[in-house]
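Please consider the following notes on the structure shown below.

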Amino acid sequence: MLVMILKSAATMNESQFLNHFKNAQPKMYRLAKRLLKSDDLAQDAVQEVMLKLWMKKDQLSGINNSEAYAMTMIKNYAYDILKSKRHNHLELVQERVSDSEENAEEKLEKKQSLALLEKALDQMSYKDKTIIQLREIERFEFDQIAEILEMTPVNVRVSLSRARKKLHEKMKIILAQ
Amino acid sequence: MKMKEDDIRELLKLYDLGETTIEQEETLRDFFLENTDIPEDLEIYQQMFVGFQEAKKEDYDEFKFEKPKSKKLTHQFYKLAAVLIVLIASSFYLNSHYQDYKQKEEARLVFKQTKEVLDKLSFEMNKASSNLKYINKLEETKKRLIQ
């Protein structure tokens, strides 16, 4: 099945290409938005990566997991922006935190949980955010995360364990405030 | 499928160590999303799993190959701009040449007119001076008559 998809990927037209990445796109967008904290920046990131993928569409047949490949590209794209605009990014974090703080009380229980989660994630490193996003929100398997983050599966488990504990602690601290 | 609290606590230990599978994490998720009376010390996990669930709901409008089209459009725009620049530049150039040509033409016309006037003048002068020969005749006749 996978081989068939990949063979057809060699001669993809536009609609086949879009269909091929249909499920990956929301995941790409959410990871970019988690890291870049801006709807516009996240949308641009997906656009750029999709165009890069389109350009490379003839080579995609040589890649055995194109979704993980797309996630790697969006992760690298977002990391590059974060590295080049560190100060800008910190400002946005501040903005976002005060925003969710304001609305938390008025929102329903679900929205409160989401706000709490996002506030805690905002205080974490972008590597921690990425691994939480990939495992907890997008529910990728360990070997896929290993591929996306260019790590070994063992290191993925170790990093995930640390990130989960940190997230847990941050959420507790925020709740106690 | 109600799980016993002890089983959930066991799974959470594995979860914190990064040792749970996707299926085991589904079990945990279901437990926290379906139950309302969660032991107080596990409430933070409930917040976490509810938050994860909510975070996945954010959707994305599908990518639609808009960028290459707009790139083509800007490309067209640059082409148009280049053509316009050439047109404007050449029209200035041609205009200055035309002005030059017009000035020369005018000068030629003035020269021609002047020449005509001068020709006419010299013709009249010649005619007038040819009449002067009669002055000599007058002189001759006068001498003849006086002698």
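1. Accessible areas come from the Shrake-Rupley method with a 1.4 Å probe, and for residues only the protein chains shown count as cover. Chain B exposes about 11,900 Å², and carbon and sulfur atoms supply 60% of this area.

2. This is a predicted model, in which local features need pLDDT of at least 70, side-chain atom pairs count only at pLDDT 80 or more, and totals for chains, interfaces and linings use all residues. Residues are numbered from 1 along each chain as its sequence is written, chains are lettered from A and ligands numbered from 1 in the order in which they are written, and side-chain values use heavy atoms, with hydrogens and water left out.

3. Chain B contains 5 helices and 0 strands, in the order α-α-α-α-α along the sequence. Helices (H or I, at least four residues) and strands (E, at least two) are DSSP runs, numbered from the N terminus.

4. Of the 147 residues in chain B, 20% count as buried. Buried means under 20% relative accessible area, exposed over 50%, and partly exposed in between (1.4 Å probe, protein chains only). A contact means heavy atoms within 4.5 Å; among the contacts of chain B with a separation of 6 or more, 42% are between residues 24 or more positions apart.

5. Rings of Phe, Tyr and Trp (its six-membered ring) pair if their centres lie within 6.5 Å; planes under 30 degrees apart count as stacked, over 60 as edge-to-face and the rest as tilted. By this rule there are 11 aromatic pairs over all chains. One of them is the edge-to-face pair of A:Phe17 and A:Trp54, with 5.0 Å centre to centre and 70 degrees between the planes. A:Phe17 lies in helix 2 (residues 14–20) of chain A and A:Trp54 in helix 4 (residues 39–55) of chain A, 37 residues apart. A:Phe17 is buried at 0% relative accessible area, and A:Trp54 is buried at 19%.

6. How are B:Phe32 and B:Phe49 arranged as an aromatic pair? They are stacked, at 5.5 Å centre to centre and 5 degrees between the planes. B:Phe32 belongs to helix 2 (residues 22–34) of chain B and B:Phe49 to helix 3 (residues 43–55) of chain B, so the pair ties together parts 17 residues apart in sequence. B:Phe32 is buried, with a relative accessible area of 1%, and B:Phe49 is buried at 0%. Ring pairs link B:Tyr15, B:Phe31, B:Phe32, B:Tyr45, B:Phe49 and B:Phe52 into a cluster.

7. A charge sits over a ring if NZ of Lys or CZ of Arg is within 6 Å of the ring centre and within 35 degrees of the ring normal. A:Arg164 lies over the face of B:Tyr15, at 3.7 Å from the ring centre.
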